[in-house]
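Student: Please take one part of this structure and go through it closely. I would like to know how it sits and what lies against it.

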Amino acid sequence: MSCPDCDGELAVFAVPEPLEAHAPEGALTVGLCADCLGLHPTEVPPSEGESRPLADALPEGDAGAAVALLVGMLDSLALNRAGIVDCVEFAERSGTDVHLTLDRLQRAATEPHFDVARRQSQLDAFL
């Protein structure tokens with residue numbers, strides 16, 4: 001599946017039940033664009049065993065979904081503060097180093113729609 005904004009390839013994740021309230025449009029699956037880091041609701045289930053975009057940057061499964069949802073909310077820290085905190089805590093409980101993952105995403109994305117490094121420093125300030 002491709003990104004509706006830039007035509008990049010989407011890394012698709014099933015949204016974990018505790019984070020469903022933070023999914024765009026209440027979607028049960030979401031796709032994070034490998035190029036622009038845009039998050040989009042999808043109806044395509046995540047594929048098992050196939051290579052996926054951002055595989056080197058994002059963890060698999062629920063932890064990957066939590067980070068994808070987090071990235072989708074980073075464009076508006078003030079409005080999404082509670083959701084961001086929920087996603088960070090969920091990912092960390094799943095054993096994911098969120099800051100390292102954001103660093104990897106910054107290097108992997110070719111044209112992110114926001115300044116990942118700047119948002120990461122702002123994220124540090126309120127976590």
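Tutor: Asp-35 is partly exposed, at a relative accessible area of 26% (buried is under 20%, exposed over 50%, partly exposed in between, with a 1.4 Å probe and protein chains only). The model is predicted, so local features need pLDDT of at least 70 and side-chain atom pairs pLDDT 80 or more, while totals for chains, interfaces and linings use all residues. Residues are numbered from 1 along each chain as its sequence is written, and side-chain values use heavy atoms, without hydrogens and water.

Asp-35 lies in the loop between β2 and β3 (helices, H or I of at least four residues, and strands, E of at least two, are DSSP runs numbered from the N terminus). Leaving aside residues up to four places away in sequence, Asp-35 touches Cys-6, Gly-8, Ala-109, Thr-110, Glu-111 and Pro-112 (contact is heavy atoms within 4.5 Å). Pro-112 is 77 residues away from Asp-35 in sequence, yet their C-alpha atoms are 6.3 Å apart.

Helix α1 itself runs over residues 61-73, 13 residues in total, and spans 19 Å from first C-alpha to last, close to the expected 18 Å (1.5 Å times one less than the number of residues). Because 10 of its 13 residues are buried, α1 is largely enclosed by the rest of the structure. Among the buried ones are Ala-63, Gly-64, Leu-69 and Met-73.

Now the helix packing. The axes of α1 and α2 come within 9 Å and cross at roughly 155 degrees (axes are lines fitted to C-alpha atoms over the stretch in contact, with angles from 0 to 180 degrees between N-to-C directions). The two helices are therefore roughly antiparallel (angles under 35 degrees count as roughly parallel, over 145 as roughly antiparallel, 65 to 115 as roughly perpendicular and the rest as oblique). Asp-62, Ala-63, Ala-66, Val-67, Leu-69, Leu-70 and Met-73 of α1 make this contact with Gly-83, Ile-84, Cys-87, Val-88, Phe-90 and Ala-91 of α2.

Against α3, α1 packs at about 65 degrees, with axes 11 Å apart, and the pair is therefore roughly perpendicular. Here Val-67, Leu-70 and Val-71 of α1 meet Val-98, Thr-101, Leu-102 and Leu-105 of α3.
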